[in-house]
Amino acid sequence: MVQVKFFAGFKEKLGRGKIEIDIEHEVPLAGFIQKLKNEIPEIEELIEKGNAIIAVDQEVGSDDTTVKSNSEVAIFPPVSGGYGGQDKYD
Amino acid sequence: MTEVRIQSGDFSIEEEIKKVKSKSKRIGGIVTFLGTARDFSRGKEIRKLVFEHYPGMTQKKLEELRENALNRFDIIEVSIIHRRGEIDIGENIVLIIAAAEHRADAFKACIWLIDELKKVVPIWKKEITEDGDVWVEENP
């Protein structure tokens, strides 16, 4: 079971902090996100317009990232001050 | 107590510096960065701040930051403490301590550490204002 966690503004917009998604085999991150969009359609807008960061097992994902059946996936807005976000302690 | 941590309560700068100093008698210069909560941001009065973080990843990224700084600069010890939860105006938010034999390396490491922390550690700030609550990333 893959644990998917949401943080900050994303958690508030979705009205939930987590969801569990069942996958049988290791899958590419893009495929996993598609499955997640099928479960929670609102995710699509957050990812498209919210500059979402997607982390798999506590590392920011890339095109090569895969999701294992026991992975932890996190989807969150840009970190303020980094990843294109605003400065936090200027 | 580990050299990097996230906590809800305040920290004592003096105590934290004492801990760093106790690690080595070779230390000759210590530079600290203290981030505090100000009452005005982007044209709005701020009542208080709320910091949310991703617990496991935050600890991991803070530990990596410390290791990277120790490898990258000629420094002896690093300590990073970040608060979470509600923080009132004027209170401490984050403390970075960089200790070295000589001051130049400690200054360089401290600047690098706060810049990197802002980029890679999953901590989000919410501003509580008269007009409502705003996550900072929602207003690019």
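A nonpolar core is a set of buried Ala, Val, Leu, Ile, Met, Phe, Trp, Tyr and Cys residues joined through side-chain atoms within 4.5 Å. Buried means under 20% relative accessible area, with a 1.4 Å probe and protein chains only. This is a predicted model, where local features need pLDDT of at least 70, side-chain atom pairs count only at pLDDT 80 or more, and totals for chains, interfaces and linings use all residues. Residues are numbered from 1 along each chain as its sequence is written, chains are lettered from A in the order in which they are written, and side-chain values use heavy atoms, without hydrogens or water.

The largest nonpolar core has 29 residues. B:Ile80, B:Ile96, B:Leu113 and B:Leu117 touch the most other members. Helix H3 (103-120) of chain B is among the elements that each supply at least two core residues. H3(B) gives the largest share, seven residues. Helices (H or I, at least four residues) are DSSP runs, numbered from the N terminus, as are strands (E, at least two).

## A second core

A separate core holds 21 residues. Its members include A:Leu14, A:Ile23, A:Ile33 and A:Ile43.

## A buried lysine

B:Lys126 lies in strand E8 (residues 123-129) of chain B. B:Lys126 is buried, at 12% relative accessible area. Beyond four places in sequence, its contacts (heavy atoms within 4.5 Å) include A:Glu12, B:Lys48 and B:Trp135.

## Confidence in chain A

pLDDT is the predictor's confidence in each residue, from 0 to 100. Chain A has a mean pLDDT of 88. Over residues 82-86 of chain A, pLDDT stays under 50. Where pLDDT is low, the predicted coordinates should not be read in detail.

Notes. Buried means under 20% relative accessible area, exposed over 50%, partly exposed in between (1.4 Å probe, protein chains only).
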